[in-house]
Each structure stands twice: as structure tokens, then as C-alpha cells.
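The following note sets out some points on the model under review.

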Amino acid sequence: MTEVGKDPSIATEADLDVLREQLDRVPRGVVGIGARCVCGRPTVVKTAPRLEDGSPFPTTFYLTSPPIVKACSTLEAEHVMEDFNDLLANDEEVAVQYQAAHHDYIERRLELGDVPEISGVSAGGMPTRVKCLHALVGHALAAGPGVNPIGDRALAMMEERGMWSAHRCSC
């Protein structure tokens, strides 16, 4: 839990303990918390673009909370990515927004450091396809509504189906 008045994006020792519990391993490359549950526990971790061992790591926003990870996995198992890919192919406005989300992701990662090996690479299949809802939902939660149209749509599906909600604790 973060203390009242403290920056919620800063990862505390307590957050690192929660992340270890959520991931069932020691988290790598943590530079902050991208989003939190309403109870204050981490939901999305911000990860360095280069890990401690020197390897590039393009997944800047990584879902950690088991309930939302499970909700994303369920949607992926139901092949909703195919529907989202059809949407991208047939809705020019959504495709333009998704392209902008790709650039937003890269800009946010560049704030953490420039890693030439992953230059121009975002996550989740951006900018032309939907490959990993976990990455897109993580970005949508970290960036806020209106930045990643596919992540926002996946979050709306989870909410509508009672799978996960940003408005209630499921920790």
C-alpha cells in the first residue's frame, strides 16, 4: 500500500513484496507502478527497457494482478483478438487510434531509457495487429482511458462480463 500523499507510481518495498506474491517470483526491472487496484496494490508494473542482465525488455507495462491476468487470458482463449483484428482492418478511426497508441507506448518507454535493439517496437502486436491483450490492457491502465483503443475495449468487455473492474478490488 502506498502512503497517503505519496506518488502512487513509485514502487515501495511493500509493492515489491506484493509483486513477488502476485508473480510467484522476484520481479525484474521494476522502475515503478503503472496502475493500482482501488485498494492500492499494484495491477501493472512499469519495467525498465533493459533488464539488470543487459537484455532488452520491450514490455514496459506488465500486468501483475492475478484476477486481471486471468480475465485477459480468458478473452484470449475465446479468440477475441480475431474480432479486434477485424475491427482494425475495417475501422479506419480505430486503426489510426491504435497507431497513436503504438507511438504513445514507445514514447513512455523512451522516458525510461533508449534501447536501440527495441527501437520502434511497442507491444501486443501494435501498430497493425492484436497479439497480446495482457500488454494492451497493461498499457491502457497505465496510460488511462482514450489512449489504447483495443486495451480500452478489452477492459470494457471484462467489466461488462463481471470478469474484472478497475472500480472494485479483486485482490
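**Note on the predicted model**

1. Arg 50 is partly exposed, at 33% relative accessibility. Its side chain forms a salt bridge with Glu 117, with 2.9 Å between the closest N and O atoms. This pair links distant parts of the chain: Arg 50 sits in the loop between E2 and strand E3 (61–63), and Glu 117 in the loop between helix H4 (92–110) and helix H5 (133–143), 67 residues apart. Glu 117 is likewise partly exposed, with a value of 49%.

2. The model is a predicted one. Its chain holds 6 helices and 3 strands, in the order α-β-β-β-α-α-α-α-α from the N terminus. The radius of gyration is 16 Å, close to the 16 Å of the globule rule for 171 residues, so the chain is as compact as a globular protein of that length.

3. Of the 171 residues, 42% count as buried. The accessible surface is about 8,700 Å², and carbon and sulfur atoms account for 52% of that area.

4. The chain carries 16 positive and 25 negative side chains, the centres of the two sets lying 5 Å apart. The salt bridges number 6.

5. Within helix H1 (residues 13–23), Asp 17 and Arg 20 are 3 residues apart, about one turn of the helix. Their side chains meet in a salt bridge at 2.4 Å, N to O.

6. A further salt bridge joins Arg 41 and Glu 21 at 3.1 Å, N to O. Arg 41 lies in the loop between strand E1 (30–36) and strand E2 (42–47), and Glu 21 in helix H1, so the pair ties together parts 20 residues apart in sequence. Arg 41 is partly exposed at 22%, whereas Glu 21 is exposed at 56%.

Conventions. Residues numbered from 1 in each chain as written. Predicted model: local features only at pLDDT ≥ 70, side-chain atom pairs only at ≥ 80, totals over all residues. Heavy atoms only, no water. Helix = DSSP H or I, 4+ residues; strand = E, 2+ residues; numbered from the N terminus. Rg over C-alpha atoms; globule rule 2.2 N^0.38 Å. Buried < 20%, exposed > 50% of the residue type's maximum accessible area, 1.4 Å probe, protein only. Areas by Shrake-Rupley, 256 points an atom, 1.4 Å probe, with all protein chains shown as cover. Lys, Arg positive; Asp, Glu negative; His and termini not counted. Charge placed at Lys NZ, Arg CZ, Asp CG, Glu CD. Salt bridge = Lys/Arg side-chain N within 4 Å of Asp/Glu carboxyl O.
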